[in-house]
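Good morning, colleagues. Please look at the sequence and the structure now.

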Amino acid sequence: NGFHKEALFQFRKSILLYSRALGTRHIDVATALSNAATVLERVGNLEEAIENFDRALKIRLGVFGPRHELVAASHADCGALCMTQERWDVAMDHFRREVDARISVQGAEHLDVATA
């Protein structure tokens, strides 16, 4: 629909502008990539969506390391999309990494860990 098309246009524009101004490995680029991936997923462009989620994850890992809330969120996004694509082994790997990150950030007893 028109909303998704406009949102995707704006996110792609943000990716380009942030990359030019801040560098391609900046956290704001990762956020824009993740936002674009969400829209791409909703409109059914799953291949481009996973590429954007993967790029966002790699940037976040480079900036924060494996034990950070945004890294956990990226693993959750990748895992959910891989489930949609019936890539079960890859999805489970992302979900395990999400849980590991959440445990190290929030502790094993936190509600976010229980629902991950």
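Is Arg-97 buried, partly exposed or exposed? Arg-97 counts as partly exposed, because its relative accessibility is 43%. Please bear in mind throughout that this is a predicted model.

Let me stay with Arg-97 for a moment. Arg-97 forms a salt bridge with Asp-93, and the closest N and O atoms are 3.0 Å apart. Both residues lie in helix H5, four residues apart, about one turn of the helix. In general, an α-helix has 3.6 residues a turn, so residues three or four places apart point the same way.

I shall discuss two others, both of which involve Arg-102.

The side chains of Arg-102 and Glu-98 meet in a salt bridge, at 2.9 Å from N to O. Here too both residues are in helix H5, four residues apart, about one turn of the helix. In this case Arg-102 and Glu-98 are both buried. For Arg-102 the relative accessible area is 9%, and it is therefore classed as buried, the limit being under 20%.

Arg-102 also meets Glu-69 in a salt bridge, with an N to O distance of 2.4 Å. This pair links distant parts of the chain: Arg-102 belongs to helix H5, residues 88-106, whereas Glu-69 belongs to helix H4, and the two are 33 residues apart. Glu-69 counts as partly exposed, because its relative accessibility is 27%.

I now turn to the cysteines, and to Cys-78 in particular. Cys-78 has its place in helix H4, which runs over residues 69-84. With a relative accessible area of 0%, Cys-78 is buried. Leaving aside residues up to four places away in sequence, Cys-78 touches Ile-50, Phe-53, Asp-54, Leu-57 and His-94.

How many disulfides does the model contain? The count comes to zero. Cys-78 is in no disulfide, and the nearest cysteine sulfur, that of Cys-82, is 6.4 Å away.

Finally, a few words on helix H2, residues 27-42. At 1.5 Å a residue, its 16 residues should span 22 Å, and the end C-alpha atoms are 23 Å apart, which agrees. The buried residues of H2 include Ile-27, Val-29, Leu-33, Val-39 and Leu-40. The buried residues of this helix pack against helix H1 (2-22), helix H3 (46-64) and H4. Just after H2, Gly-44 takes a positive phi of about 90 degrees.

Thank you for your attention.

Note on methods: Residues are numbered from 1 along each chain as its sequence is written. This is a predicted model: local features need pLDDT of at least 70, side-chain atom pairs count only at pLDDT 80 or more; totals for chains, interfaces and linings use all residues. Side-chain values use heavy atoms; hydrogens and water are left out. Buried means under 20% relative accessible area, exposed over 50%, partly exposed in between (1.4 Å probe, protein chains only). Contact means heavy atoms within 4.5 Å. The expected span of a helix is 1.5 Å times one less than its number of residues. A salt bridge is a side-chain nitrogen of Lys or Arg within 4 Å of a carboxyl oxygen of Asp or Glu. A disulfide is a pair of cysteine sulfur atoms within 2.5 Å.
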